[in-house]
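Dear colleague,

Please find the structure below. My notes on it follow.

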Amino acid sequence: MNLASSSYRLLFAAICAATLLFALITPPFQSPDENQHYMKALQLSQGAVLAEQQGADIGATLPRPAIDLGDEDFPPEEPGVPTRYDPGMLAAAWAADAGRPGTGFGFFPNIANYSPTLYLPQAIGIGLGEAIGLPRLGGLYLGRLVNLVTALLMLALALRLIPFGHGALLAVAALPTFSFQAGSNSPDVMINGLGFLSLALALHLAHGAAPPP
């Protein structure tokens with residue numbers, strides 16, 4: 001990417017800002033299947049790769065505070081019933097871990113067969129949150145932040161590699177879906193990022209593998 005292009009720099013900065021905004025203002029588990037993605041990433045952060053099965057249920061044995069974060073503090077919305085979120089809910093969830101000892105079985109049947117490599121950024125963030133003593137809610141948000149940094153770094157590298165079409169690549173990344181997914185614990189970050197990088201690398205090699213600008 002031509003770093004002298006102010007329009008490209010501004011658009012990339014806008015994508016970064018939008019992604020961070022989505023990560024911070026979207027209530028927990030309000031992006032598609034984030035409750036299941038969070039539990040899958042948490043399982044990976046604890047060193048387990050394969051899902052478990054208990055009867056007809058598929059998931060993993062996880063700390064009770066992590067399960068109750070989705071079941072009690074921010075449960076799935078009922079169809080047709082609007083839910084209002086406020087800072088008090090976040091404060092209550094932040095302080096709730098101590099009253100939830102032990103473990104439980106977390107269900108994530110929809111994504112149990114997803115590759116664990118799609119959850120590496122989130123698992124790193126969640127694991128870091130646990131290492132520094134954050135409550136489970138803090139680990140959820142730290143997983144989001146590491147995920148968004150990964151998304152933006154992969155986009156930046158793709159822009160460095162691609163020999164032309166920088167505006168088109170940025171236009172795709174400027175779609176709200178990209179920022180919304182990158183600001184969550186979604187595995188689509190790795191899928192989108194690898195798609196950008198594969199395209200950029202293929203075009204880079206096809207045009208003589210000239211050094212990126």
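Are F29 and Y38 buried or exposed? Both F29 and Y38 are buried, where buried means under 20% relative accessible area, exposed over 50%, and partly exposed in between (1.4 Å probe, protein chains only).

Before the rest, two notes on the source. This is a predicted model, in which local features need pLDDT of at least 70 and side-chain atom pairs count only at pLDDT 80 or more, while totals for chains, interfaces and linings use all residues. Residues are numbered from 1 along each chain as its sequence is written, and side-chain values use heavy atoms, with hydrogens and water left out.

Aromatic pairs: a search of the whole structure finds 5 of them. Rings of Phe, Tyr and Trp (its six-membered ring) pair if their centres lie within 6.5 Å; planes under 30 degrees apart count as stacked, over 60 as edge-to-face and the rest as tilted. One of the pairs is F22 with F180, which is edge-to-face at 5.4 Å centre to centre and 75 degrees between the planes. This pair links distant parts of the chain, 158 residues apart: F22 sits in helix α1 (residues 6-25) and F180 in helix α8 (residues 176-182). Helices here are DSSP runs (H or I, at least four residues), numbered from the N terminus. F22 is partly exposed at 26% relative accessible area, and F180 is partly exposed at 24%. The ring centres of F29 and Y38 are 5.9 Å apart with planes at 55 degrees, so that pair is tilted.

D68: this residue lies in helix α3 (residues 64-73). D68 has 10% relative accessibility and therefore counts as buried. Beyond its neighbours within four places in sequence, D68 is in contact (heavy atoms within 4.5 Å) with D73 and R100.

Regards

Key. Helices (H or I, at least four residues) and strands (E, at least two) are DSSP runs, numbered from the N terminus.
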